[in-house]
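Open the model in your viewer and keep the selection panel at hand. The tour goes from domain to domain, and then to the contacts between them.

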Amino acid sequence: MKPPPFDYFAAHDLEEALEPLAEGGGDALVLAGGQTLLPLLAYRLAAPTLLVDINGVAALQGISRVGDGVRIGAMTRQATILRDPIIAAQTPGLAMAARFVGHTQTRARGTLGGSLSFAEPAAEFPATALALGARMEVRSRDGARTLEADEFFLGPYTTAMAPDEIMTSVTFPDWGPDARVVVHEVARRSGDFALVGLVMASRVEAGKVVRTAISWFGMGPTPLRSLQAEQAMTGQAVSDLDFAALAELAVADTDPPDDIQASAHYRRTVARRIFPRLARQTLEAVG
Amino acid sequence: MSEHAIEVILNGRPVRARVESRRTLGDFLRRDAGQTGTHLACEHGVCGACTVIVDGEAVRSCLMLAVQADGRKVTTVEGLEASDGSLHRVQQAMQDAYALQCGYCTPGVVMTLAAALEANPKPTEPDLMEALSGHLCRCTGYQGMMKVAKRLAGGGE
Amino acid sequence: MNDVPNATRFVGQRIPRKEDRRLLTGHGAFTDDVPIAGALEACFVRSPIAKGRIVRVDAAAARQMPGVHAIYTVADFEPLNAVVAAAGGQGVNQPRMGLLAIDDVRFVGDPVAIVVADNRYLAEDAANAVLVDYESEDAVVTIAQARVGAPAHRELDNNLGVGARSADDDPELDALFAKAAHVVSHTINHRRLTHAPMEGRAVASVPTGAGELTVYVSCQSPQQMARFISEAFNLPNANVRAIAKDVGGAFGQKISPGREELSVIAASLMLRRPVKWAEDRLESLTCAYTGREQEAHFKMAFDADARILGGHIELHSNVGAYPAGIHANALVTTLFPGPYRVARNGFKSEVWYSNTTGLAAYRGPWAMESLARETLLDVAARQIGIAPEEIRARNLITREDQPYRMCTGPVLDHVTPRETLALALKKIDVAAFREEQAEARKKGRYIGLGMAVYVEPTTMATAGVLSSETAYVRIEPTGKVIAMMSTHSQGHGTETTMAQVIADSLGVPFADVSVVEGDSSRGGFGAGAGGSRQAVLGGGSARLACQKLLEKLKLVAAHVMNSQPEFLEVADGKISVRGEPEVFQTVKQIAQIAYLTPSRMPPGLELGLESQARYRPDTPIIFSNASHACTVEVDVETGLVKILRWVAVEDCGAIINPSVVEGQIAGGVVQGIGEVLMEDMAYDDLGNPRAATFKDYLTPTIHDVPLIEYDHLETPAKNEGGFKGVGEGGAIIGPPTLVNAIADALAPFGVELTQIPLSPDYLLKLLEGRTPAHAG
Ligand code: FES
Ligand code: FES
C-alpha cells in the first residue's frame with residue numbers, strides 16, 4: 001500500500017498552483033488536506049504524474065463575513081470549521097456537519113474545499129453545501145467562475161470543476177438569524193460515512209414555512225435535494241404538515257446504493273423513519 | 001519522480017534527508033529517521049496507529065507526505081519521555097490503567113492524548129473520548145483507555 | 001510439594017506490566033521495527049480472480065525496473081525442495097499446496113509471484129508490472145456452492161475437507177427426542193470474520209553464516225516457527241533462530257507460517273540476502289487467514305419441566321482454499337452440552353473447501369458450541385414460557401455433581417457455573433431490569449437482557465504441542481533471576497505474570513526477575529500462546545523449576561550458614577533461619593558462592609544455581625468457566641444496538657494478575673461485540689472479498705463498547721498453582737451474551753436471530769412488517 005510514483009510541487013501562491021494544472025492535462029492532481037487522496041494513492045486507485053500541494057497558498061485560507069454570508073477559504077481545515085466563531089454564528093449547520101466528518105486526527109488536515117471537490121456521495125459537507133445553497137468559487141489559469149451547489153455535484157466523485165481548476169473559496173449564504181438547521185446521520189460507527197444522512201434547513205415565519213431545503217447524503221450518487229418535499233412544505237403552516245406523507249415524498253427523490261454496509265431498502269426505510277422527527281425538530285423549534 | 005531535500009525538527013532535533021515525493025511521513029519516520037515507535041497499521045487513515053504531532057496537532061503520518069513535513073516540528077512517541085527518563089503523564093496514565101496489551105496501537109493513542117493535553121490542559125472526558133474514537137485497538141477492548149480519558153479529564157493527575 | 005515463601009506476595013496483585021515501558025516509549029521491537037542492514041523488501045503478485053489456470057507469467061519488463069532484485073514464481077523455488085505443511089491437518093482429501101500458486105489460482109489474493117526489491121515502494125511498482133494471463137473458471141464461494149459446485153481444488157473429487165464426521169446412528173437419542181415434551185431447534189449462519197491484528201503478519205529472514213538463518217517473525221511461538229521453518233526447508237533445527245520480541249496481536253492467525261512468510265524465507269535463501277515483508281492492511285484483510293464461517297443447526301429435547309434430555313448439533317464450516325491447521329468442529333460437538341446436565345448428544349460435522357481465503361483458529365475456534373447452546377436455551381425459555389435464568393437453573397451442574405463426566409467425554413471439575421451466574425445476575429439486577437424493560441416497552445423503547453454460561457477447555461494437555469511448556473530458571477551471580485520461558489506474549493503480559501510467579505516461588509523481589517521469551521534460541525520448545533494455557537503451563541513449569549532451584553539455594557545457604565535447609569526461609573531476596581530474620585545471607589551472596597567460590601559449596605554439589613522443568617498437568621483438560629450478562633437497547637428505527645452494561649464473572653482459578661486477566665476478558669468480549677454487531681468478511685458472487693479497507697471491515701471503536709464490570713471467583717484446579725487459562729473465553733461467551741440480549745429486547749416482535757453479524761440491515765429486515773406484541 002505504497003503510493004505510485006509522482007512528482008510533487010509545493011505552490012506558494014495560486015498562480016504557481018494553476019500553471020502546472022493547466023499544463024498537466026488532467027494528470028496533475030491538487031493535494032489539499034490529503035485525507036482522501038492519500039488513501040486512494042495507497043490503494044493505487046489514482047495515478048497522477050504530479051501532485052500540486054496547495055497547503056502553502058495563503059489566499060486559500062481565511063473566514064470572513066461577506067455581503068450575504070460567510071466566505072470560507074477552500075483550504076480551511078475541518079477542525080477550524082468546528083471551532084470558528086464566525087461559522088458558529090453565521091452558518092452553524094456547517095459546524096454541525098463537521099462534527100460527523102472523520103476523526104480529530106483527520107480533521108486537523110482535511111479541508112472544506114477538499115471534501116467538496118472529492119464529492120464522496122456519503123460525505124457530510126457536500127450535502128450541507130447543497131442544502132444551504134453554498135457557492136463555490138473555482139479558478140483556473142484562464143480565470144475564475146462561481147458554481148452553485150445545485151450544479152456542482154454531478155456524480156460519485158465527480159463535480160462540475162474542470163481538472164485544471166482549484167476551488168478557492170466557498171460562500172455559505174445567510175439564512176437569517178431565525179433559521180434552523182439540523183444535520184443528522186445514521187452510521188455504523190462514529191466517524192464512518194453515513195448509511196443515511198440528512199441536512200435540513202428551514203425558516204418559519206408566523207407559523208408558516210417560508211423557506212426550506214432538504215438534502216440527503218449516502219442516499220444516491222451525489223447529495224440529493226428533495227425538491228418535491230420542499231415544495232410541498234413551503235408556504236404551509238407547520239401545524240398542518242403531514243410529516244409521514246412528506247417523508248414519502250422526500251425519500252421518493254433519492255436513489256440509494258446497495259453496498260456491504262446496508263441495502264438500498266434499508267437506507268430508504270431508515271430515511272423514511274428519521275425524516276418526520278428531524279423535520280419536526282427543524283421546524284417546530286423556530287418561528 | 002521528483003526528490004526533495006527536507007529538514008524536519010524531529011523530537012527537537014533537526015533531521016535532514018532527501019526523500020522521494022511519494023514517501024509518506026510515516027515511512028520517513030520509520031525507515032529514514034529510525035523512529036520505529038510510530039506504527040503503520042492500515043496506511044489509509046483509519047486506525048490511528050501512525051498518529052504523530054505536527055506543529056502541535058495530532059495527525060495521521062500515513063496521510064501526509066514526508067516532503068510536506070519540511071520545516072515543521074514533528075513529535076513522535078520517542079520524543080515524549082522526559083530527559084530524566086520519567087514517563088509523560090499520558091504514558092504513565094496508560095500504564096497505570098493497563099491501557100495496552102500488545103502495544104502496537106499504543107504510540108498513536110499516546111500521541112493523540114498528548115496533543116489533546118497540549119492544546120487544552122483541562123480537556124473534558126467527552127473531548128478525549130472523541131479524540132480516542134479515531135484509534136482502533138484489537139487487544140484491550142478500550143477499557144484502560146476509557147479510564148485514562150476519565151483520569152486525564154479536567155487536568156486530573 | 002515444597003513450601004513456597006510469601007506465596008502470594010506478587011501473585012494475585014495488580015502489578016504494573018514490565019512490557020509497558022518499552023511499548024509506551026516507542027522502543028518495542030516488532031518485526032518491522034528491527035533494523036536490518038541491507039534488507040530487501042518483498043511484495044506479492046496476487047491473483048485477481050478466485051479460480052482459474054495461470055496461462056502465462058511475464059515478468060521480463062518488471063525485472064528490469066529500478067531496484068528490483070528478483071521475481072520468483074513457484075518453479076524458481078524448486079532447488080530449495082521446500083515442503084509446505086498440509087492444509088487442514090492430516091487426512092484424506094488434502095489439496096496440493098505450494099509456496100506460491102502452482103499452475104492455477106484458488107482464491108482472490110492467491111500469491112502467484114514474489115517480487116524482491118530495494119524497498120516496498122519499488123517492489124509494488126514492479127509487482128504491478130508483472131503480467132499474468134489467467135483462464136478464469138467458476139469459483140465456489142459459499143457452503144451451498146461447495147456442496148454442489150466443481151471442486152475448489154482441481155485434484156480433488158469434491159469439496160469435502162479433512163475431518164468430516166458424524167456420530168453413529170443413535171436410536172436412544174432419537175427416542176429421547178421422540179418422547180420429549182419440548183423439542184427446540186435453532187440455526188445460526190455465522191458469516192466470516194477475520195482476526196485483523198493491528199500488526200499484520202511480518203517476517204524478516206536473514207541468512208547468516210553457513211546454512212544459518214535468523215528469522216524475525218510475527219507469531220505466537222518462535223519455537224514453533226523455528227520448527228516449522230527448519231522442517232519446511234530441511235535445515236538443521238539448530239541453524240534456525242526465530243525471534244519475535246513484540247507481536248502486535250495474533251488471535252490464532254499466526255500459529256504457523258503462511259505461504260507468504262515461507263516464500264520470503266525462500267527468497268532470502270535464494271538471494272543470500274536479508275528479505276523482509278510486512279503485510280499491509282489490504283493483504284491482511286483479504287489474504288490472511290480468516291475465522292468462524294459456519295452454518296449450525298442444533299436442537300435440544302426437554303421434558304415437561306424444561307430439563308434437558310438430549311442434544312444434537314450439525315455443523316458446516318467453510319474453510320476456504322488453504323485452511324491452517326485442523327478446524328475445531330470436533331471440539332464444538334464435544335462441548336455443545338456445556339456445563340449442563342445433558343445425558344446424550346449427537347452430531348454431524350462437515351467442512352467445505354471453497355475458493356476463498358483459508359480459515360484458521362480464531363480466539364476460541366470452537367466457540368460455536370456456546371453460541372449455539374446459549375442462544376438455544378433462550379429460544380427454549382421463550383417457547384416454554386420460563387425465564388432464561390430459570391431454564392439454566394434447572395439444568396446447570398452443581399458442585400455436588402462434580403467431578404461430572406459430560407456425555408461427550410470430558411470431565412468437569414472445580415467449576416462454578418451456578419455460582420458465577422448467580423453473581424452476574426445479582427450484579428446486573430434482573431428484577432430491576434425487568435421493571436425498567438416493561439416501562440420502556442410501553443414507550444416504544446426496546447431494551448434487553450442477555451446472559452450466557454460456559455466452560456472453557458483450557459490447557460488441553462492431551463493435545464499434541466499444546467500439552468506442555470518449559471521453564472529454565474537461573475539465579476545469576478548478580479543475584480538476579482533470569483527465566484527462559486517457552487511462553488510467548490502478543491499482548492498477554494507473560495513477561496510480567498511469569499515474573500510474579502517466579503518472584504513468589506523463589507522469595508525474591510519482582511524487580512529482580514527477568515523473563516526472556518520470544519527467541520527460539522533461548523527458550524525451550526513449546527507452543528507459546530494458543531489454547532489458553534500459558535498461566536497453567538508457563539506458571540506450572542516456572543513453579544516446578546523454582547522449587548528445584550529453591551531447594552538447591554537452601555542447600556548451599558544451609559552449608560554456608562551452618563544450618564539445615566528445612567530451617568531456612570527465603571523472602572525478599574534474603575535467606576534466613578526461620579524465626580531469626582536478623583541472621584541472613586542474601587540470595588546474591590549465596591549465588592556468588594555457588595558460581596565463584598567452589599570451596600564454600602557443600603561437598604559433592606554441582607556448582608551454579610540453575611534449574612529446568614517442563615510441566616504437563618495430570619488433568620487432560622483444565623476447565624475455567626464464566627457467566628456474563630449484558631443489557632442493550634435496540635433502536636428499532638435503525639437496527640443499531642447500544643450496549644448499556646456488561647457484567648463478567650469469571651472463575652479462572654488462582655489469579656496471577658487481575659488486571660491482566662481482566663484485559664484478556666475485555667479483549668475477547670470486545671472482539672465478540674465486533675463479531676455480533678459488525679465484522680463481516682463478505683465475498684461477492686465471484687469470490688472477490690468486499691471488505692478491503694478498515695472502512696469496510698468494521699471493528700469496534702471506543703464508542704461501541706461499555707465499561708465492563710468484573711467479579712472473580714477463584715476456585716483452584718488441581719494443578720501446580722491452581723491456575724486456569726482465560727485467554728479465549730471472552731470471545732466465546734461474549735457473542736451469545738450479546739445475541740441473547742438483543743433477542744430479549746426484540747422478543748415482543750416474535751423474531752429469532754439466526755445470522756451473525758446482526759447488522760442493522762439484518763435486524764431491520766427481520767422486524768419488517770412486524771408490530772410488537774402488547775407490552776406486558
Ligand atoms: S496507519 Fe495511519 S491511520 Fe492507520
Ligand atoms: S494493544 Fe494491541 S492493538 Fe491496542
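Which domains does the domain assignment of chain B give? Select residues 3-79 of chain B for domain 1, then 89-152 for domain 2. These bounds come from an automatic or database domain assignment.

A note before going on. This is a predicted model, in which local features need pLDDT of at least 70 and side-chain atom pairs count only at pLDDT 80 or more, while totals for chains, interfaces and linings use all residues. Residues are numbered from 1 along each chain as its sequence is written, chains are lettered from A and ligands numbered from 1 in the order in which they are written, and side-chain values use heavy atoms, with hydrogens and water left out.

**Stop 1: the two domains of chain B**

Now select the contact (heavy atoms within 4.5 Å). Domain 1 of chain B brings 17 residues and domain 2 of chain B brings 14.

About 1,100 Å² is buried between these domains of chain B, with 64% from carbon and sulfur atoms. Buried area is the accessible area (1.4 Å probe) that two parts lose on being put together, summed over both.

Look for salt bridges (a side-chain nitrogen of Lys or Arg within 4 Å of a carboxyl oxygen of Asp or Glu).

Next, colour the strands (DSSP E runs of at least two residues, numbered from the N terminus). On the side of domain 1 of chain B that touches domain 2, β3 (51-54) and β4 (57-60) each give two or more residues. β3(B) gives the most, with three residues.

**Stop 2: chain A**

The assignment for chain A gives domain 1 (7-53), domain 2 (58-173) and domain 3 (180-283). Select domains 1 and 2 of chain A: their C-alpha centres lie 18 Å apart. Their contact takes 15 residues from domain 1 and 19 residues from domain 2.

Together, domains 1 and 2 of chain A bury about 1,300 Å², 71% of it on carbon and sulfur atoms.

How many salt bridges are counted between domain 1 and domain 2 of chain A? The count is two. Finish on A:Glu23 and A:Arg141, whose side chains meet in a salt bridge at 2.7 Å, N to O.

Technical notes:
Helix = DSSP H or I, 4+ residues; strand = E, 2+ residues; numbered from the N terminus.
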